[in-house]
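Student: I would like to learn how to read a model of this kind feature by feature. Could we take the general idea each time and then turn to the case at hand?

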Amino acid sequence: MAIEYLGLSEINGPMIVVEGVEGAFYDEIVEFGVGSAYTGGAPVEAQQKKLGRIVEIAGDKAVIQVFESTADMSLLNTRTRLTGRPMEIGLSEDILGRTLNGLGKPIDGLGPVRTEVFRDVNGQPMNPCTREYPRNYIRTGISAIDGLTTLIRGQKLPIFSGNGLPHDELAAQIVEQASLGEDAGAADGEGEFAIVFAAMGVKYDVAEYFKRTFEECGVSSHVAMFLNLSNDPVAERLITPKVALTTAEYLAFEKNMHILVILTDMTSFAEAMREVSSLKGEIPSRKGYPGYLYSELACLYERAGIVKGSEGSVTQIPILTMPNDDITHPIPDLTGYITEGQIVLERALHQKNIYPPVNVLPSLSRLMKDGIGAKYTREDHQDVANQLFSSYARVGEARDLASVIGEDELSPIDKKYLEFGTAFEQKFVGQGRNENRTIEETLAVGWELLHILPKEELDRIDTKILEKYWDDAS
Amino acid sequence: MGVKGKIYGINGPVISIKGNLGYKMNEMVCVGGRRLVGEVIGLSREETTIQVYEETSGLRPGETVEGMGNAISVTLAPGILKNIFDGIERPLEVIAARNGAFIPTGAQADALDKERLWQTHITVQSGDFVTEGSVIAEVPETKSIVHKVLLAPGMSGEVVRTREDGEYTIEQELVVIRTKEGEERSLSMTQKWPIRIPRPVAKRFPADRPLVTGQRILDTLFPIAKGGTAALPGGFGTGKTMTQHQLAKWCDADIIIYIGCGERGNEMTNVLEEFGELVDPKSGNLLMDRTALIANTSNMPVAAREASIYTGITLAEYYRDMGYHVAIMADSTSRWAEALRELSGRLEEMPAEEGFPAYLASRLSAFYERAGYVQNLNGTEGSVTIIGAVSPQGGDFSEPVTQNTKRFARCFLALDKALAYARHYPAINWLTSYSEYMGDLAAWYGEHVGSSFVYCRNQILNILTTENRLNEIVKLIGSDVLPDDQKLVLEIARVIRLGFLQQNAFHAEDTFVPMEKQLKMMEVILYLYDRCKALIDLSMPMALLRESDVFEKIISIKYDVANQELDRFEEYHTMIDAFYQHLIATEG
């Protein structure tokens, strides 16, 4: 029987200090029994249970971060019990189809999840020697992604968005179409597909939207949803992505499934970290975020990948809303340095009524170069992508010039670029919410647009490929 | 054994012990029952502060902290090359074989294989007098590199007896020497060296020969000297890692130490796979045969990330002492600086700019100063070149890490977002980059490449600078109103950008270009400029010149002329002449 400590020394938001603790270890999970208040020192009848984690130890003093609200807790009415374990989650395949809270407790009223194994949610770093370099692409049916920032199985590719932009729709469309596409992934058809969805501090409507989407496209029996809504406790939010990723790793590497993880919204996660760090009295670095923001984010994002010898994979699509649409803000900035590319949504395109409003220029998929081409998609894919990027970059220059000297004064070639730019945004980037394009269709649109420009301007395409695909007639 | 203490406080990777028990500064310690590796980083009468190189989850107050008596060190012996280590020289392949796909806390493994037998040739005989740096044995470590077993710094004496040539492990006795004091010392292949202390050298030479990389913008415009330092700053997605990979693959160093410091796991896997397949053009062996990787990915413990660049440079200095030219790719020094910041925050030190500790600059300079072209203690020459990637926050070069690096690195290769967006690779901005080595290297270029090299290079840079100035005007009024000679500058600058500066890392011919071809390419471009200028001076309109496909032909020289067909450049000069004559004949 474990010892229980009666009473606390300090409560400060979600942080609690207990003194006189013996044998506690760093990162240990503690249970609080909270009774009704003012017992005047008499034994407390525990009426509620709460969980917390030891975040700092100094001698016999432990600083504990409580995952739930500290309302109702007083310095007198609380018993603290050390569990002797780090934060764990009980897992089995039955977790698919369930809805759980941010700590992994079911909230769908269907009772507890059957548990085969317990896993430490902190995970362990994957050994670079045992990683398999990701090469198989996932067809999302969205031209801006498939054509220019191809998503690779085992990649972490975030969506950088802003408030009011349709990032949720885009993520939902990726889930729908990637899960439907039988030919998603070139080589292997084996391995079941499942989704782990973690909501951190999102609005109820957003969670509900995803839930409905999963139901509508018939995948809800293959989804594990972890919900920490915006009014749920902040400290719980810090654990939510870890619980979700532990589930994903278990399903991928022990049950050989292909897992797509959606994490939304990473900004809320980072805000929660700042809040807790500030309460702990830590020295802030950039914009008040703690110095370990990079390491913490990395410990989440790096949990995507493929392990040699396992058929499963973890692919991550984190969503984050850039505060004030600023891509240099610490959260998108640090994320961009960890993830393998990013898909950037832009307000100006959204205002032009283009869906999905992907600004392709700052968007990038680092793993794309190894997952496309003759072996995977088509031989001309890389060249077409390079040319579209390069030409679209030139469109920006032409538009800048037009805004100064007027469109009429532009040279004929600059006018061509303007025409190309508009067509590119409408036909290539823009597509229907339910439109699912094949790679061939995407590349065909690309070639069609390049025909707007004179052939000499296509300096990024290998001469042989240009000869083969250039149609003089059109 | 060393001092033993008990854990008092734990905060992330930093632990404290009450009282001063006699630990030494920077001493290596083993923490707790799982014997996690740590280092003493602060001492006071009240408290000893230790940073732990592993995840501290599960540590309890009261667990033992045992001092190991020596500073945190790396093991130096054959077996370093072709290997992959974490930030404190634990072999990741061995850990993978023992512990599977994930790295558990407290994983124990010897840095180098102690069982393996190496074919050894003893190079000294009894009676020889050996001093620090003397080669006592040679071991073919990989197909490409002969490992020279050196006498450790500070040691000297007379060889008393030696073993026969044969197969030995790294710990077996090879040679016994008698020191001046008359003591007998048994020597094996293994040495230990503390990572934070530079290995001694006899003297330093000025940097007067380049590290040839085969990358046109580097070799021609912004060369790096052997034994020099270069910083490679760029926001995310501008191609830092790609450029480092290219340099690691193609530069003419004998040995590459690639440090993945706080970067992506998949990237390290990619290096591992690619270098294990790619053939080194010089030796015909695998690139991996001359490479050692240090992978401390972003999710591995932060204190080990801080140590990783010191581990890397110590390995580099060791091979330099054997007389090799070593290049270090440190990707990325910003992650290292952030590790410093993170640890500094945990120690509750007073932050300076942007939360970085005030000693950031001195730590950075101490690191970059370990580069150099030197005469080793044994009289051979060797060099360590450092190429450090910098990941500035928000892509803003005014942040502390970039600014401080700029003070200590002599070559600054600024990667540019706009170029990367347009997929102009390598995205090195030719206006903001610079190399202080050009002056020192001019003599070498004159002697080894061609007397016109530096002249051509300056001309090319001139045209690019002029283009930039003209572009300012074009932005305001459009290019049509420019006089024809300025339009020509824009056109030639375009040829330089597309045909010379842009280089395709995935193209078989273009990925590496020898110096001679670089010079010939510049000469052709400048010749074209010269002829066109002559035509413009005869008041021919630029529009007429543009009708010819000569510009496009020059641009695609990089693909069309193979690296060994240098005589084909004659054809291009003839083509330009024909173009000139044709215009004179028809229009003149």
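This is a predicted model: local features need pLDDT of at least 70, side-chain atom pairs count only at pLDDT 80 or more; totals for chains, interfaces and linings use all residues.

Student: How many bridges join β16(A) to β17(A)?

Tutor: Strand β16 (residues 341-344) of chain A is joined to β17(A) by two bridges, and the two strands run antiparallel. Within that pairing, A:Ser365 of β17(A) is the residue opposite A:Gly341.

Student: What is the order of the four strands in the open sheet of chain B?

Tutor: The open sheet of chain B is read in the order β12-β11-β9-β14, with antiparallel pairing. Its edge strands are β12 (146-150) and β14 (166-168) of chain B, each of which pairs on one side only, and neighbouring strands of this sheet are turned against each other by 40° on average, direction ignored. Strand β11 (residues 135-140) of chain B runs antiparallel to β12(B) and is joined to it by five bridges, with B:Lys148 of β12(B) as the bridge partner of B:Glu138.

Student: At what angle do the axes of α6(A) and α7(A) cross?

Tutor: A helix pair is described by its angle, its handedness and the residues that meet. The axes of helix α6 (residues 293-301) and helix α7 (residues 330-338) of chain A come within 10 Å and cross at roughly 50°, and α6(A) and α7(A) are therefore oblique to each other. Their crossing is right-handed. On the α6(A) side the contact is made by A:Leu293, A:Tyr294, A:Leu297, A:Ala298 and A:Tyr301, and on the α7(A) side by A:Pro330, A:Leu334, A:Thr335 and A:Ile338; these residues divide into eight nonpolar, one polar and no charged.

Student: What is the handedness of the crossing of α10(A) and α11(A), left-handed or right-handed?

Tutor: The crossing of α10(A) with α11(A) is left-handed. Helix α10 (residues 381-405) and helix α11 (residues 412-429) of chain A pack at about 115°, their axes being 8 Å apart. Among the residues that meet are A:Leu388, A:Tyr392 and A:Arg399 of α10(A) and A:Asp414, A:Tyr417 and A:Phe424 of α11(A). The whole contact divides into 10 nonpolar, two polar and three charged residues.

Student: How many residues does each chain bring to the contact between chain A and chain B?

Tutor: An interface is read from both sides, and here chain A and chain B bring 61 residues each. On the chain B side, β1 (4-11), α1 (92-99), α4 (265-275), α6 (333-346), α11 (453-477) and α15 (550-555) each supply at least two residues, and α4(B) gives the most, with seven residues. The side of chain B that touches chain A is made up of 25 nonpolar, 22 polar and 14 charged residues. Strand β5 (residues 48-58) of chain A also pairs with β1(B) in the antiparallel sense over two bridges, and B:Gly9 in β1(B) is the bridge partner of A:Ala58.

Student: Which peptide bonds are cis, and where do they fall?

Tutor: Backbone geometry is checked bond by bond. A cis peptide bond joins A:Tyr355 and A:Pro356, with omega about -10°, and A:Pro356 is placed in the loop between α8 (347-351) and β17 of chain A. The bond from B:Asp331 to B:Ser332 is also cis, with omega near 10°, and B:Ser332 is in the loop between β22 (325-331) and α6 of chain B.

Student: Where in chain A does pLDDT stay under 50?

Tutor: Confidence should be read by chain and then by region. Chain A has a mean pLDDT of 89, with 94% of its residues at 70 or more, yet pLDDT stays under 50 over residues 183-189 of chain A. Chain B averages 92, and 100% of its residues score at least 70. The model as a whole scores ipTM 0.86 and pTM 0.90.

Definitions and conventions:
Residues are numbered from 1 along each chain as its sequence is written. Chains are lettered from A and ligands numbered from 1 in the order in which they are written. Two residues are in contact if their C-beta atoms, placed from the backbone, lie within 7 Å. Ala, Val, Leu, Ile, Met, Phe, Trp, Tyr, Cys and Pro count as nonpolar, Asp, Glu, Lys and Arg as charged, and the others, Gly among them, as polar. Two strands pair if DSSP finds at least two bridges between them. Axes are lines fitted to C-alpha atoms, for helices over the stretch in contact, and angles run from 0 to 180 degrees between N-to-C directions. pLDDT is the predictor's confidence in each residue, from 0 to 100. Angles under 35 degrees count as roughly parallel, over 145 as roughly antiparallel, 65 to 115 as roughly perpendicular and the rest as oblique. A crossing is left-handed if the near helix is turned anticlockwise from the far one by less than a right angle, and right-handed if clockwise.
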